[in-house]
Amino acid sequence: MTEERDLRAAVASGVVGSAESFQALLGAIVQVARAIFGAKASSILLLDEETDELVFEAVVGEGEESLLGMRFPAGHGIAGWVLATRTPLVIEDVRKDPRFAADVAEGTGYVPSGLMAAPLLHDEEILGVLEVLDRPENARFSLQEMDLLGLFANQAAIAVDLLLRARRAERILEGEGDLGVVARLASAVSALEEERREAGMRLLHDLAGTLGARTGP
Amino acid sequence: MPEAVAHAGETLPAWSLPKGEVDRIALSMEWPERVTREWAWGGSQGEGVRVCILDSGVEGGHPLVGELESAVSITVGEGDETIVTEDELGDVSGHGTACAGIVRSLAPGCSLSSVRVLGQGFKGSGNILLAGLRHAVEEGYDLVNMSLSTTKKPFAAILHELADSAYFRRTVLVASAHNMPVESYPWKFSSVISVGSHEEPDPLTFFYNPSPPVEFFGRGVNVEVAWAGGRTVSVSGNSFATPHLTGICALILAKHPELTPFQLKNVLYLTASNVGRGE
């Protein structure tokens with residue numbers, strides 16, 4: 001995404017506080033996913049491309065406190081497979097093996113006996129993985145649930161995309177990048193009282209005219 | 001053989017069929033009036049058919065997998081060159097072992113090889129997938145099980161070319177359809193055998209889909225499979241329907257090694273549970 005688009009996202013969404021709202025939306029999605037599947041836990045993991053790690057961004061249920069923010073290498077385990085192949089996977093440990101789903105168990109001690117995982121896909125990009133842990137043991141998995149999992153993953157991917165945009169926009173507002181000053185100007189002008197805002201807008205229009213930019217209708 | 005000779009001295013393929021040369025393309029086998037499963041793979045164990053599992057690696061020696069013919073790991077170097085090394089890591093997730101075990105359960109006599117394209121981290125995984133597939137095609141495997149796909153459009157054209165080249169070299173790619181409504185490759189190419197899931201418990205039940213792009217449905221729900229660490233787990237997904245079709249293809253190719261990918265697809269069609277009544 002270009003800085004210009006980031007800037008538009010920054011201004012359009014009002015930015016301040018929006019990342020928190022989208023994070024709350026992710027939390028709501030995992031809560032609903034957990035409730036619908038009758039599962040013990042559900043989480044959303046985001047891909048950090050710079051470090052090649054998966055990060056727990058939203059967690060509900062078992063491991064809620066300890067998992068949030070936790071990272072592990074993106075290339076391994078079940079979540080790693082889902083990430084790399086962009087394909088959902090449902091797996092149940094029928095033999096109750098303590099080594100099962102080591103990537104989930106790592107650092108938490110919580111070993112699920114069943115795991116559904118779907119990729120969070122936005123356009124061509126993969127943003128992370130949605131996991132639903134420990135569905136009821138006596139419930140056999142069906143293709144209908146696979147579809148439902150996919151629907152949740154699509155919804156989560158949209159929320160994650162919004163969250164990432166808001167975070168990028170926030171970084172711009174905080175002054176990262178040359179365009180930060182423009183975003184701060186827009187934010188400052190919109191916060192002014194009406195009379196001063198009109199004067200501010202006139203100034204901005206003049207500036208835009210001087211720079212040869214078109215300024216709306 | 002045709003008279004036409006290329007500049008390099010290689011014999012040209014048969015682009016046309018001159019009068020009087022029909023014998024040249026005589027088929028080496030007669031198909032029965034009604035193709036049955038008994039004709040297609042009765043008595044076959046998949047002997048001698050070389051199957052490649054392009055995935056997360058395979059745990060050789062797992063009781064449900066047995067020994068591997070070979071296991072390599074694919075990495076891409078700084079100059080984009082493909083590096084193929086002996087794979088000593090085995091399976092980094094368990095998924096490849098599951099696929100290998102399913103093929104083995106259907107075609108115990110086949111030869112299994114692993115080409116690991118996962119586990120180097122997420123970065124560059126698309127290039128590694130391409131390089132792995134290219135390696136598998138060059139190795140001339142009879143069947144390549146691809147229980148994975150990529151959504152990256154820039155890779156689509158090269159994957160398409162590779163899939164076509166495999167098709168003409170008689171390497172059959174059996175590829176998982178995506179479980180979610182997204183654009184992904186290579187399963188959407190007509191030169192591969194694309195597979196989705198049905199919910200029936202019988203491993204030899206498979207259906208032809210008259211509304212492609214997914215061409216066949218194999219067993220893919222609540223399948224007990226081999227997993228890394230000598231384990232057994234129950235899994236669901238198109239990933240596991242695909243090796244069921246790969247295994248069935250191995251049975252057919254062992255009995256009828258002369259089949260082209262086109263003919264193999266025909267045999268699958270004629271023996272599908274909703275076409276040949278599964279007989």
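**Between and within the chains**

Modeller: Strand S4 of chain A, residues 89-92, pairs with S11(B) in the antiparallel sense, over three bridges. Please bear in mind that this is a predicted model.

Colleague: Which residue of S11(B) stands opposite Ile91(A)?

Modeller: Val235(B) is the residue of S11(B) that stands opposite Ile91(A).

Colleague: And the whole interface: how many residues of each chain are in contact?

Modeller: On the chain B side there are 37 residues, in contact with 35 residues of chain A. Strand S11 of chain B, residues 231-236, supplies six residues, the largest share of the chain B side.

Colleague: What is the make-up of that side by class?

Modeller: The side of chain B that touches chain A has 22 polar, nine nonpolar and six charged residues.

Colleague: Let us change topic. Into which domains is chain A divided?

Modeller: Domain 1 of chain A covers 17-167, and domain 2 covers 180-210.

Colleague: How far apart do the centres of those two domains lie?

Modeller: Their C-alpha centres lie 43 Å apart.

Colleague: Now chain B. How many helices and strands are there?

Modeller: Chain B has six helices and eleven strands.

Colleague: What is the order of the strands in the sheet?

Modeller: Nine strands of chain B form an open sheet with mixed pairing, in the order S3-S2-S4-S1-S5-S6-S7-S9-S8. Strand S3 (82-86) and strand S8 (207-208) of chain B are the edge strands, each pairing on one side only.

Colleague: Parallel or antiparallel for S1 and S4 of chain B?

Modeller: Strand S1 of chain B (residues 50-55) and strand S4 of chain B (residues 111-116) run parallel and are joined by six bridges.

Colleague: What does the radius of gyration say about chain B?

Modeller: Chain B has a radius of gyration of 19 Å, which agrees with a compact globule, because such a globule of 279 residues would have a value near 19 Å. The C-alpha atoms of chain B fill a box of roughly 60 × 50 × 35 Å along the principal axes.

Colleague: What share of chain B counts as buried?

Modeller: Of its 279 residues, 51% count as buried.

Colleague: And what share of the contacts joins residues 24 or more positions apart?

Modeller: Among the contacts in chain B with a separation of 6 or more, 70% are between residues 24 or more positions apart.

Definitions and conventions:
Residues are numbered from 1 along each chain as its sequence is written. Chains are lettered from A and ligands numbered from 1 in the order in which they are written. This is a predicted model: local features need pLDDT of at least 70, side-chain atom pairs count only at pLDDT 80 or more; totals for chains, interfaces and linings use all residues. Two residues are in contact if their C-beta atoms, placed from the backbone, lie within 7 Å. Helices (H or I, at least four residues) and strands (E, at least two) are DSSP runs, numbered from the N terminus. Ala, Val, Leu, Ile, Met, Phe, Trp, Tyr, Cys and Pro count as nonpolar, Asp, Glu, Lys and Arg as charged, and the others, Gly among them, as polar. Two strands pair if DSSP finds at least two bridges between them. Domain bounds come from an automatic or database domain assignment. The radius of gyration is taken over C-alpha atoms; the globule rule is 2.2 Å times the number of residues to the power 0.38. A residue is buried if 20 or more other C-beta atoms lie within 10 Å of its own, exposed if 12 or fewer, and partly exposed in between; C-beta atoms are placed from the backbone.
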